[in-house]
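Here's a quick tour of one protein model. Have a look at the sequence and the 3D view, then work through the points below.

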Amino acid sequence: MTVSLTARPAWAALQAHYAKARDWHLRQLFTTDPGRGDRFTAEAAGIFLDYSKNRITDETFGLLLQLATECGLKDRIDAMFRGDRINVTENRSVLHTALRAPRGASIVVDGKNVVPEVHEVLDRMGSFADRIRSGAWTGHTGKPVKNVVNIGIGGSDLGPVMAYEALRYYSARGLTFRFVSNVDGTDFVEATRDLDAAETLFIVSSKTFTTLETMTNARTARDWLLASLTDDKAVAKHFVAVSTNAAEVTKFGIDTGNMFGFWDWVGGRYSMDSAIGLSTMIAVGPAGFGEMLAGFHEMDEHFRTAPFEKNLPVILGLLAVWYADFFGSQSVAVLPYDQYLKRFPAYLQQLTMESNGKRVTLGGQEVDYATGPVYWGEPGTNGQHSFYQLIHQGTNLIPCDFIGFTQTLNPVEPHHDLLMANVFAQAEALAFGKTADEVKAEGVAAALVPHKTFPGNRPSNTLLLDRLTPTTLGKLIALYEHSVFTQGAIWDIDSFDQWGVELGKVLAQRIVPELQGATEPALKHDTSTNALIRRYRAARRSG
C-alpha cells in the first residue's frame, strides 16, 4: 500500500521546519548567509536559475530533496521515459518525450519502437510544410497559400498559437497565421474576415475528429470556403487534418494523404511538438521545428539524468510544493520579459492546471493537502502596471518566476537594458521590500509611511537565457513540463488525465437542443438553470 504523503518522515520534518521558516525574512537570510546568491543557483541546457530569493535554507532544500526521494521521484521519472502506463486512469503511456527523441533512438511501447513512426510523421510534415512555404502547394484555383488557419481547442490551440507568437521573429513573413478555438462564432468570423478563400489553408486538429468545438468551427470553415469557391472538390485543396480518424476525415472531404496522425500516449497539452505543431512547422520551417525539438530533448535528458540537487525541473517543482503545501500559497505568477512570450503564461495555465488540478491520489483516495496552484502572468513591464501592486503589497503570497534573456532579437537602444533592469529590480524589490524606517528617512509624511512601506519577503525565481530561439523555446517548455511532473509525483496524483473537463461538456450537449426549437421542452434541471434557459429562449425569440 502506498504511504500517504503526509505520513512520510520528510513531510513531518518539513512541517516542523516550517514552524521556524514562516518567520524568516529574506533580508535576514541574505544578511546571515551572504553567499546564498551564488550557492542557490543551478545551470543546465543553457538556462541559468537563481533560486536564492526563496524562503529556504540549506536545511529546507535538503528536506525537500529527501521528500522527493521518499516519494520515489526517480522511479517515476524512469517509468515515464521507459513508456510504462503511468496514466493509470486511462491505462496509457506518457511519452511526449518520444516526440523529440532523435532519429535512431529506441523507445519501446507494447513491444514496438515508436521513434521511427514519430520521424515518419515529422518527415511528412516537413515535406508538406516545404510545399506550402515554397508555393508549390496551390489551392483549388491554382493560387498558392498565403493564409494558414489552425482550428483546434485546448492543447490543439494553445501550443500552436503560443509557439507561433514566441517564434514570430523566425516565421515566414509572407504567410499569415490565424488560430480559431472558441466555439463563439465571433472567433471564426474575426479570424477570416479579411482572408481570401482561394489563398487559405485550414488545419483541423482533433484526434477523434469529433471534438464538438473544433468540428463546429471546421464545418463553419468549410461553409465559408464553399461560399466562395462553390466546388466541393475545393475542400481537399484547402483543408488538412491532424487526426487519427480516417473515416471521419474522409467524410469531411479531406484527402487522408493529407492527414497527420499522433498516438494515444500523447496528451493534448503535451502535443505541440507532434503533428499538432504543423502550423508551427509551416511558420518556422522544418529546420526551425527540428531545432525546437532538439531543445526539448536536451531538457528531457537533463531531467532524466541530472542529480536532483542540480536538476532544474526538480528544483522548481519542489519549491512549488514548498509554497503550496506549507505556506498555503494558491498561485504562481510566471512573468516573461520578452514580448514574443506573451502567450506563454496562457499556455502554462493548461499545462499546469489541467495536469495537477486533482483532488484524489493515483489510488483514488482524497488528498488532505493542497495540489495544483493557479498559474498566471503577463509579459514584461505590462504586468508591472497592472497586477504587480497586489504581489508587492497585497495580502496573498504569490511566488514568481521571472524569465529574461541577455540578448534581444530586436536591438533598439536602450529598450533591452531598461527591460532587464526591471527584471532584476522587481525580484530585488519583492525580496527585500522597503521598511517603514527607510520610508521615513526619505522625509515622507507620517500619514503616508504605511502606504509606501513594502513588506518584501516575496519569493521568486529568476531564469536567464541567452536569446529566444526555437531551441531555447523547446528547453523552456520542457522545463515546465517536467516541473509539473515533479509536483504530481510528490502529490501522488495522475498529472496526465483530465476528467474534470468532461462533465460540463456532457451537460452542454444535453442543453443545446433545449435552447432550440419553437416549443419549450420539458426542463429537468435545477430551478436556476431552468430559469436561465427560459430567459435565453425568450430573449432569442424577441431578438
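Predicted model: local features only at pLDDT ≥ 70, side-chain atom pairs only at ≥ 80, totals over all residues.

Residues are numbered from 1 along each chain as its sequence is written, and side-chain values use heavy atoms, with hydrogens and water left out.

**Overall build**

- Picture a box of roughly 75 × 60 × 60 Å along the principal axes: the C-alpha atoms fill it.
- Of the 543 residues, 53% are buried, meaning under 20% relative accessible area, while exposed is over 50% and partly exposed is in between (1.4 Å probe, protein chains only).
- Take the contacts between residues at least 6 apart in sequence: 73% of them join residues at least 24 apart. Contact means heavy atoms within 4.5 Å.

**Surface and charge**

- The accessible surface comes to about 23,200 Å², and carbon and sulfur atoms hold 52% of that. These areas come from the Shrake-Rupley method with a 1.4 Å probe; for residues, only the protein chains shown count as cover.
- There are 52 positive and 60 negative side chains, and the centres of the two sets are 5 Å apart. Lys and Arg count as positive and Asp and Glu as negative, with His and the chain ends not counted; each charge is placed at NZ of Lys, CZ of Arg, CG of Asp or CD of Glu.

- Some background: most residues other than glycine have a negative phi, and most peptide bonds are trans.
- The peptide bond from Glu-413 to Pro-414 is cis, with omega near 0 degrees. Pro-414 sits in the loop between β12 (400-405) and α17 (415-432).
- Phe-209 isn't a glycine, yet has a positive phi of about 60 degrees. You'll find Phe-209 in the loop between β7 (200-205) and α9 (212-229), buried with a relative accessible area of 2%.
- Asn-457 is another residue other than glycine with a positive phi, near 65 degrees. Its loop runs between α19 (449-452) and β13 (460-465), and Asn-457 is buried at 9% relative accessible area.

**Aromatic pairs**

- How many aromatic pairs does a search of the whole structure find? There are 31. Rings of Phe, Tyr and Trp (its six-membered ring) pair if their centres lie within 6.5 Å; planes under 30 degrees apart count as stacked, over 60 as edge-to-face and the rest as tilted.
- The rings of Trp-11 and Tyr-369 have centres 6.0 Å apart and planes at 55 degrees, so this pair is tilted. The pair links distant parts of the chain, 358 residues apart: Trp-11 is in helix α1 (residues 9-21), and Tyr-369 is in the loop between α14 (344-356) and β11 (374-376). Trp-11 is buried at 3% relative accessible area, and Tyr-369 is buried at 11%.
- For Tyr-18 and Phe-327, the ring centres are 4.9 Å apart and the planes are at 80 degrees, so the pair is edge-to-face. This pair also links distant parts of the chain, with Tyr-18 in helix α1 and Phe-327 in the loop between α13 (312-325) and β10 (331-336), 309 residues apart. Tyr-18 counts as buried at 18%, and so does Phe-327 at 15%.
- Trp-11, Tyr-18, Trp-322, Tyr-323, Phe-326, Phe-327 and Tyr-369 form one aromatic cluster.

- Arg-100 lies in the loop between α5 (73-82) and β3 (108-109). Is Arg-100 buried or exposed? At 3% relative accessibility, Arg-100 counts as buried.
- Not counting residues up to four places away in sequence, Arg-100 touches several residues, including Asp-273, Asp-300 and Glu-481.
- His-302, in helix α12 (residues 278-305), is buried at 11%. Leaving out residues up to four places away in sequence, its contacts are Ala-44, Lys-310, Asn-311, Leu-312 and Pro-313.
- Thr-472 belongs to helix α20 (residues 470-491) and is buried, with a relative accessible area of 11%. Setting aside neighbours within four places in sequence, Thr-472 is in contact with Leu-465 and Arg-467.

Notes:
Helix = DSSP H or I, 4+ residues; strand = E, 2+ residues; numbered from the N terminus.
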